Amino acid sequence: MTDLNELEQQSLNEIPHPALPDGSSIYGGTKVFPDYKAEEGQSYFTLVHGIAHESSVSFVAILQATRALRKGFESAIYFYGPGSLNALATRGFPTTGASAFPGEHNINNSLKTFIAEGGKVYCCRFGLSLHGAREEDLIEGSSRRTRSTCRTR
């Protein structure tokens with residue numbers, strides 16, 4: 001480790017370490033908002049246009065849809081445009097299924113969980129074709145009846 005100068009050491013000493021031991025609550029436990037659960041016939045539908053791994057937006061959308069599903073909402077995700085790339089099963093390097101970096105398959109694994117728990121995944125065929133992807137490249141469980149076609153005029 002490099003020796004610290006006096007100013008760097010002073011800066012480090014201003015912050016107690018560790019700040020709190022593992023397992024400490026920094027927010028308390030009072031819930032302000034009610035724990036909503038679905039009523040009969042309620043559904044949750046989300047549209048995803050974000051590109052996989054370009055931001056956390058697509059991943060968070062899948063997590064939110066899974067949470068809604070677990071709260072009893074009939075839940076569906078529709079990937080369109082470049083967002084259709086989120087549903088590809090062919091992700092990986094140097095081979096499909098191999099993670100080139102930690103978290104590369106977070107979206108795939110979360111979609112598999114969502115589908116296994118009863119969520120529906122729709123994927124825009126036009127969005128897939130714009131990026132050279134095929135329906136056969138989609139994550140299993142995105143069956144023909146759950147795929148949709150975007151039409152342009």
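Student: Which side chain does D35 meet in a salt bridge, and how far apart are N and O?
Tutor: D35 meets K37, at 3.7 Å from N to O. A salt bridge here is a side-chain nitrogen of Lys or Arg within 4 Å of a carboxyl oxygen of Asp or Glu. This is a predicted model, where local features need pLDDT of at least 70, side-chain atom pairs count only at pLDDT 80 or more, and totals for chains, interfaces and linings use all residues. Residues are numbered from 1 along each chain as its sequence is written, and side-chain values use heavy atoms, with hydrogens and water left out.

Student: Which residues are in the network with D35?
Tutor: Salt bridges link D35, K37 and K71 in a network.

Student: How many salt bridges by that rule?
Tutor: The count is 5. One of them joins E117 and R70, at 2.8 Å from N to O. That pair links distant parts of the chain, 47 residues apart: E117 is in the loop between α3 (106-116) and β3, and R70 is in helix α2 (residues 57-70). Helices (H or I, at least four residues) and strands (E, at least two) are DSSP runs, numbered from the N terminus.

Student: E117 and D137: buried, partly exposed or exposed?
Tutor: E117 is partly exposed, because its relative accessible area is 37%. D137 is buried at 11%. Buried means under 20% relative accessible area, exposed over 50%, and partly exposed in between (1.4 Å probe, protein chains only). D137 forms a salt bridge with R134, with the closest N and O atoms 2.9 Å apart.

Student: Switching to the sheet. What is the strand order?
Tutor: The order is β1-β2-β3, an open sheet of 3 strands with parallel pairing. The edge strands are β1 and β3 (120-123), each pairing on one side only. Two strands pair if DSSP finds at least two bridges between them.

Student: How many bridges join β1 to β2?
Tutor: There are 6. In one of them, S43 has E74 in β2 as its bridge partner.

Student: What about Y78, where is that?
Tutor: Y78 lies in strand β2 (residues 74-79). With a relative accessible area of 13%, Y78 is buried. The C-alpha atoms of Y78 and C124 are separated by 7.6 Å, though the two are 46 residues apart along the chain.

Student: How many disulfides?
Tutor: The structure has 0 (a disulfide being a pair of cysteine sulfur atoms within 2.5 Å). C123 is in none, and the nearest cysteine sulfur, that of C124, is 7.1 Å away. C123 is buried, with a relative accessible area of 1%.
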